[in-house]
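Colleague: Could you take me through this structure? I would like to begin with the loops and then turn to the helices.

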Amino acid sequence: MNGTLTLEDILSKTTDLPAIPAAAIAVMREADLSTSTARSVAEHLSCDQALSSRVLRLANSAYYGMSRQVTDLQESVVLLGMRSVRNLAVIAASYTWMQRPMNGYALEPSAMWKHSFGVSIAAQLIAKKSKSCDPDLAFTAGLLHNLGKVAMNIWLDRKLAAVINLAQRDQLAFDEVERKLLGYDHAEVGAHLAEIWNLPESLVTAIRYHHRPNDADPISPVTDCVHLGDFLTMSMGYGLGGDGLYYNFCPEVLTRLGIEPCAIDEITDQFMDSYLQYESLIEEMNAA
């Protein structure tokens, strides 16, 4: 593998980078402001007709169980809450490129989506359990944590066998092999892309350090939730690929989050129930 390929090269020379519409990014940022209103969030969302249509369709899915059809964006924000609408906007904006096969990571079509969506659900449950951060922010961070894989995929294609052999030989996690070969990993690439998109710093940090939460400075509860959620989702086999062979779990996150090891089974049970409940939402997205 070309060791001179820089992180900037990855982003400048990759022709099929993931993209999130400007309207979705604006909604994310607006929903986090203390001054935001249902009207201001809806105004940002309305700047993208395709995104608006998809969010409305998701808001009317069986998952939310509305007693009547919601046809107005501002009304959807009022009924669902600004942060829920933010999550719907990110889901609608990212679903298409997360559905792609990732040959560089041995991920079949939809596998990255299945894993990322699983991590978002797990991170949200962990945030609720630990009361350490905003559960909806943890959801968004979980959904976007592997953003860098989409950019890295083309550069790892046809080199996957060599990467897996090195991982097995040296008992290394996939992200460790990336750093050993390139000097950086998919988490750093994803964080750099998130910075270019001008995503909130809390999301950039969670993306950058989701494999190494102890390195975040200051320590980030959102990152801890995503790290634990990533580990649990991997352990349950959701969206496993070539990078699912080893996972370096940081047990310190349990202490920081105040979660006893015995509570993991409870979170796992809740995860299974939540994922099943979300299936109707996923079906709506497939039809949208």
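Colleague: Where is proline 218 found?

Modeller: Proline 218 is found in the loop between helix 13 and helix 14. Helices here are DSSP runs (H or I, at least four residues), numbered from the N terminus. Please note that this is a predicted model, in which local features need pLDDT of at least 70, side-chain atom pairs count only at pLDDT 80 or more, and totals for chains, interfaces and linings use all residues. Residues are numbered from 1 along each chain as its sequence is written, and side-chain values use heavy atoms, with hydrogens and water left out.

Colleague: What kind of peptide bond joins aspartate 217 and proline 218?

Modeller: The bond is a cis peptide bond, with omega about 5°.

Colleague: Which loop holds asparagine 198, and what is its phi?

Modeller: Asparagine 198 is in the loop between helix 12 and helix 13. Its phi is positive, about 65°, although asparagine 198 is not a glycine. Asparagine 198 is partly exposed, with a relative accessible area of 46%. On this scale, buried means under 20% relative accessible area, exposed means over 50%, and partly exposed lies in between (1.4 Å probe, protein chains only).

Colleague: And where is serine 110 found?

Modeller: Serine 110 is in the loop between helix 6 and helix 7 (111-130). Its phi is near 80°, a positive value in a residue other than glycine. At 31% relative accessibility, serine 110 counts as partly exposed.

Colleague: Is histidine 145 buried or exposed?

Modeller: Histidine 145 is buried, with a relative accessible area of 0%. This residue is found in the loop between helix 8 (135-144) and helix 9. Leaving aside residues up to four places away in sequence, histidine 145 touches His115, Ser116, Val119, Ile207, His210, Val226 and Asp230. Touching, or contact, means heavy atoms within 4.5 Å.

Colleague: What does the side chain of histidine 145 reach?

Modeller: The side chain of histidine 145 reaches the backbone oxygen of glycine 142 at 2.6 Å.

Colleague: Now the helices. At what angle do helix 9 and helix 12 pack?

Modeller: Helix 9 (residues 147-156) and helix 12 (residues 186-196) pack at an angle of about 110°, with their axes 7 Å apart. Axes are lines fitted to C-alpha atoms, for helices over the stretch in contact, and angles run from 0 to 180 degrees between N-to-C directions. Helix 9 is therefore roughly perpendicular to helix 12. Angles of 65 to 115 degrees count as roughly perpendicular, under 35 as roughly parallel, over 145 as roughly antiparallel and the rest as oblique.

Colleague: Which residues make that contact?

Modeller: Helix 9 contributes Leu147, Gly148, Lys149, Ala151 and Met152, while helix 12 contributes His186, Val189, Gly190, Leu193 and Ala194.

Colleague: How do the axes of helix 2 and helix 3 cross?

Modeller: The axes of helix 2 (residues 22-31) and helix 3 (residues 38-45) cross at roughly 165° and come within 8 Å. The two helices are therefore roughly antiparallel to each other. The contact is made by Ala23, Ala26, Val27, Glu30 and Ala31 of helix 2 and Ser40, Val41, His44 and Leu45 of helix 3.

Colleague: How many residues of helix 2 are buried?

Modeller: Seven of the 10 residues are buried, so helix 2 is largely enclosed by the rest of the structure. The buried residues of helix 2 include Ile25, Met28 and Glu30. Their cover includes helix 3, helix 4, helix 6 (82-98), helix 8 and helix 13 (201-209).

Key
A polar contact is a pair of N or O atoms within 3.5 Å; within protein, one must be able to donate a hydrogen and the other to accept it, and residues adjacent in sequence count only if both atoms are side-chain atoms.
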